[in-house]
Amino acid sequence: MDLTKITSPQFLKKMSIAELEDLSADVRKFLIEQLSTTGGHIGPNLGVVELTIALHKVFDSPKDKFLWDVGHQAYVHKILTGRACEFGTLRKYQGLCGFPKRNESEHDVWETGHSSTSLSGAMGMAAARDIKGTKEYVIPIIGDGALTGGMALEALNHIGHEKKDMIVILNDNEMSIAPNVGALHSALGRMRTAGKYNWVKDELEVLLKKIPAVGGKLASTAERIKDSLKYLVVSGMFFEELGFTYLGPIDGHNYNDLIENLKYAKKTEGPVLIHVVTKKGKGYEPAESDKIGTWHGIGPYKIETGDVLKPVGAPPAWSSVVSETVRKIAREDERVVAITPAMPVGSKLENFAKEFPERMYDVGIAEQHAVTMAAGLATQGMKPFVAIYSTFLQRAYDQVVHDVCRQNLNVFFGIDRSGLVGEDGETHQGVFDIAFLRHLPNMVLMMPKDENEGQHLVYTANKYDGGPIAIRYPRGNGLGVKMDEELKEIPIGSWEVLKEGTDAAILTFGTTIGMALEAAEALSKDDLSVKVVNARFIKPMDEAMLHDLFKSGLPVVTIEEAVLQGGFGSAVVEFASDHGYTNRVVRMGIPDRFIEHGSVAELMNEIDLTAAKVVENVKLISSRRKQKRA
Ligand SMILES: Cc1ncc(C[n+]2csc(CCOP(=O)(O)OP(=O)(O)O)c2C)c(N)n1
């Protein structure tokens with residue numbers, strides 16, 4: 001079938017099981033081919049082909065509401081709702097978003113990117129439905145990984161209590177990004193092996209009702225028998241105890257099972273949870289046999305071999321530089337403990353885990369717990385390292401404030417994927433952390449100019465005993481600079497002058513240093529001499545250098561790949577104002593809006609964060625100064 005001709009999921013209603021199976025094969029072929037050129041979340045999507053088709057066959061989207069948790073597995077939903085023709089632009093600048101997007105389709109009713117929000121969103125939609133008196137079904141689809149997130153458990157607790165009509169689909173593929181972890185994961189494992197409780201329960205009821213005369217009475221006692229059967233047949237009655245009708249486990253690649261259970265759930269009052277067992281990567285061997293999560297989300301690849309097309313000889317990834325330095329330090333310092341909330345692969349902590357299994361914790365998708373657990377470790381004199389993506393640290397904000405900063409504990413944060421992350425788009429851009437950390441008492445915040453300085457800042461963080469300290473580093477690879485053998489401490493709050501100049505100063509750090517140097521070089525051709533400063537400590541700033549700079553009367557440009565409001569430039573302006581300096585300061589950074597997906601270069605261009613714009617700004621302010629002097 002030509003998937004690009006699909007305009008609405010209505011065509012599914014008339015299809016037989018055999019036709020649905022043919023459609024699944026077409027969808028898989030399409031995904032494997034398309035994603036081989038664009039990259040994307042291939043594993044999760046290949047796993048939900050039958051599930052998504054069955055959902056659209058049984059329910060009526062957009063009247064019925066599908067909420068895709070995390071949203072990375074919504075590609076099949078996008079295909080069935082008329083977007084196959086746009087797949088060539090997937091995750092590209094101004095192209096199809098890799099996650100559900102409300103302005104893309106009326107079938108995308110809930111936007112996601114961060115995990116474990118679907119149940120709370122669904123509870124809100126169900127509450128609205130009941131207040132308004134409408135009749136639609138609300139169907140959150142959540143993975144076994146996302147279910148470990150605290151928010152999902154908070155919502156389960158509430159939904160079970162409220163007894164709202166809702167059909168929760170638990171897509172259990174035993175994987176999070178990496179293999180799923182935790183006691184809940186083990187409980188699901190026991191449910192998977194316990195067999196089909198629901199059918200046993202129903203068959204018993206039907207059987208008892210058939211017995212003449214006493215049947216009714218017996219059937220009423222069936223309730224009680226059912227209850228005891230729950231314990232007999234299913235080892236973990238977690239969901240039933242919480243107030244859900246539990247159906248499953250069912251084979252998520254079998255249309256008969258899927259459709260029958262979805263229809264049964266439609267008739268069931270109160271919250272239902274269907275436990276659907278799927279295989280991540282189903283139908284594409286390299287993805288299906290992946291045990292560590294390489295095929296969860298991936299760049300372009302060669303279909304025949306599964307080889308991922310990567311530049312050869314690239315410098316080490318930033319995550320590697322930081323995590324491997326922590327590993328090196330951990331050999332000498334037994335207080336070092338590494339914590340990741342579900343991202344051991346992305347954070348490049350696999351080597352650390354192998355070498356120090358007793359000092360490594362993958363806590364699952366549990367950012368809040370990760371941060372507060374680190375605080376607990378620190379109270380006992382340990383030196384916890386929390387490797388966490390900037391965007392996901394947002395979820396643990398109060399834990400950073402209340403548990404770590406307020407108690408002034410020695411927790412070291414590795415804030416990975418800081419700055420624009422590109423193709424994952426607005427839910428994942430790591431652009432808020434400076435603004436939400438800079439104002440916290442006790443916090444030290446740094447960003448290195450290259451990977452050599454990065455390893456020294458990691459060492460500095462380990463030596464620091466004054467409380468919380470965080471290093472930001474971007475997605476992707478380092479610059480390929482020479483690495484010093486010996487690690488050294490960099491004085492807290494010290495900046496570095498990279499280039500002297502007399503007409504203007506550029507203050508910047510991390511990824512935008514290259515842009516500043518390039519601009520300074522271009523400006524020198526116009527006879528403008530620009531000072532460039534590596535402001536590697538965002539907090540505390542190098543106040544001595546700032547005083548000198550402002551006293552010298554130089555106009556200043558600040559550059560940051562982070563939001564302008566509350567950012568580094570704001571800190572510089574605050575400093576100037578507090579000390580009565582009136583030098584002109586132009587702040588460059590991310591404007592007050594969410595930045596969508598695209599390559600980082602395209603996005604930087606869109607928001608005018610380019611060397612050309614730096615040149616323009618420096619010319620503007622330095623010519624004023626020249627006029628003033630003349
Ligand atoms: C709050 C948050 N933390 C971490 C992530 C990164 N992440 C994206 S998908 C994923 C795993 C989700 O696993 P699961 O829900 O089982 O879905 P699957 O990919 O296995 O289908 C993780 C940890 C995220 N999106 N949101």
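**Domains, salt bridges and backbone details**

Analyst: Over residues 316–481 the chain is 39% helix and 16% strand, with the end C-alpha atoms 10 Å apart. Helices (H or I, at least four residues) and strands (E, at least two) are DSSP runs, numbered from the N terminus. The model is predicted, so local features need pLDDT of at least 70 and side-chain atom pairs pLDDT 80 or more, while totals for chains, interfaces and linings use all residues. Residues are numbered from 1 along each chain as its sequence is written, and side-chain values use heavy atoms, with hydrogens and water left out.

User: What makes residues 316–481 a stretch to look at?

Analyst: UniProt lists them, in an unreviewed entry, as "domain: Transketolase-like pyrimidine-binding". UniProt positions follow the numbering used here, feature names are shortened, and annotations may be inferred rather than shown by experiment.

User: Which domains is the protein chain divided into?

Analyst: Domain 1 covers 3–195 + 234–288, domain 2 covers 196–233, domain 3 covers 318–472 and domain 4 covers 496–629. These bounds come from an automatic or database domain assignment. Between the centres of domain 3 and domain 4, taken over C-alpha atoms, there are 27 Å. Their contact (heavy atoms within 4.5 Å) takes 28 residues from domain 3 and 34 residues from domain 4.

User: How do you know what area is buried between domain 3 and domain 4?

Analyst: Buried area is the accessible area (1.4 Å probe) that two parts lose on being put together, summed over both. For domain 3 and domain 4 that gives about 2400 Å², and carbon and sulfur atoms provide 62% of it.

User: Why is the pair of glutamate 574 and arginine 438 called a salt bridge?

Analyst: The rule asks for a side-chain nitrogen of Lys or Arg within 4 Å of a carboxyl oxygen of Asp or Glu. The closest N and O atoms of arginine 438 and glutamate 574 are 3.0 Å apart, so the pair qualifies. Across the interface of domain 3 and domain 4 the rule finds 3 salt bridges. On the side of domain 3 that touches domain 4, the elements giving two or more residues are helix 18 (433–437), strand 10 (444–446) and helix 19 (451–463).

User: Where are the cis peptide bonds of proline 62 and proline 249?

Analyst: One joins serine 61 and proline 62, with omega about 10°; proline 62 lies in the loop between helix 3 (49–58) and strand 1 (65–68). Another joins glycine 248 and proline 249, with omega about -5°, and proline 249 belongs to strand 4 (residues 245–251).

User: How do you know how Asp144 and Asn173 are placed in space?

Analyst: UniProt annotates Asp144 and Asn173 as "binding site" in an unreviewed entry. They are spread over 30 residues of sequence, yet they cluster in space, the largest C-alpha distance being 6.9 Å. Aspartate 144 is in the loop between strand 2 (138–143) and helix 6.
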